[in-house]
Structures are given as structure tokens and as C-alpha cells.
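Have a look at it first, then follow the steps.

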Amino acid sequence: RLVCDILKVHNVTTLDLGWADMNYPLNYRTNIINTNCSGNINIFRGDSRSKQADDYLSGRKYKLIFIDGDHSYEGAYADTQLAKKHAAPGAIIFYHDHLYIKDITDLCEDLKKDPELEFVKSYEGSKETQKGICAFRYIPNPIGEKTSIIIPTFNHLDDCLVPCIKR
């Protein structure tokens, strides 16, 4: 809700096994409605690790992704791979409960070594809710895009390449 209040959110997409909707239907639906998005709310009910989830997300790129899945290392890692596949360059990926659940703590520490993810910040909850949120920025192709250059003539080869060489 906080993010939706600060940012101008157009569309919201959620992947959910249906657990929250079945067990807390009023809260779940109220939270989704309260996102104040100006566009569509898209709900996929199913496993985020399924081909159907990947297909559901295809053709879209997301600028903000919030991972709060099954809380296992493997599940959150799989959600990370799905998120990176559908993230826009520079997207922010949040991980919920990273201070509360060891698997998520470990994953966030490991993700700090991922060359496509730049650690942004760790946010701690209040004393009562010490679950925390960890934020990363998605940077595809961190080494940089492949670049083609034109070299006008052979005798200017040194002039063209010397500035490209780090010393």
C-alpha cells in the first residue's frame, strides 16, 4: 500500500496460489482494491514456478516486484529468476521477511553477489514486526551492452582504441 501511495501505479499484477483469497477473502480483496492503481488489477491464481505463470507474465516488463512467496530459499530463488525475466531494466525487487526467515535472509545475502542485482537497502520493521524488507535494483547486462565501433582508417586505430583501454 505504501508504494502505491507514493508512486503513480498504473497496473498491478499478483501471482497467488489462492491461499490468501481463500482464507482471508475480505482482507485480500480490500488490500488489492486499496492499491489505488489507475489501470488494471491482474490476478494469476497458481504456482509462480509454473509455465502458466511465466506465460501469464510474458510480454510485460515490471518496474516494481515484491516477492513474498512460500518463504523457502528455493521458492524465493525461483521467484527471483522469474522476476528478472520479466523485470524492466532498473526495476526494484523487494523481498519481504528477510530478517525474520532464515532462508530469505540467506537468499538476500547470496543475491548481493548476483551481478544483475544491485543491493539498495535493507528496511527493518518495528520492534513488534521485525520482518524487514530488502531491496535490490535489477541491472541486466551489468558488463554493458555489446558495442560496435567504426574505425575510420587503419592509421587512426591507436587514436580510436587508446581511450577505450583502462590503464
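**Exercise 1. Find which strands helix α6 lies across.**

Start with helix α6, residues 102-111. Helix α6 lies across β4, β5 and β6, and its run makes about 150° with β4. Helices here are DSSP runs of H or I with at least four residues, strands runs of E with at least two, numbered from the N terminus. Angles run from 0 to 180 degrees between N-to-C directions, with axes fitted to C-alpha atoms, for helices over the stretch in contact.

This is a predicted model: local features need pLDDT of at least 70, side-chain atom pairs count only at pLDDT 80 or more, and totals for chains, interfaces and linings use all residues. Residues are numbered from 1 along each chain as its sequence is written, and side-chain values use heavy atoms, without hydrogens and water.

**Exercise 2. Work out the strand order of the sheet.**

Step one: the open sheet has four strands, ordered β3-β4-β6-β5, with mixed pairing. Strands pair if DSSP finds at least two bridges between them. Step two: β3 (62-67) and β5 (117-123) are the edges, each pairing on one side only. Step three: β4 (residues 87-96) and β6 (residues 133-138) run antiparallel, joined by five bridges.

**Exercise 3. Name the residues with the most contacts inside the largest nonpolar core.**

That core is a set of buried (under 20% relative accessible area, 1.4 Å probe, protein chains only) Ala, Val, Leu, Ile, Met, Phe, Trp, Tyr and Cys residues joined through side-chain atoms within 4.5 Å. It has 20 residues, and Ile-65, Ile-93, Tyr-95 and Phe-136 have the most contacts inside it.

Note on methods
Contact means heavy atoms within 4.5 Å. Buried means under 20% relative accessible area, exposed over 50%, partly exposed in between (1.4 Å probe, protein chains only).
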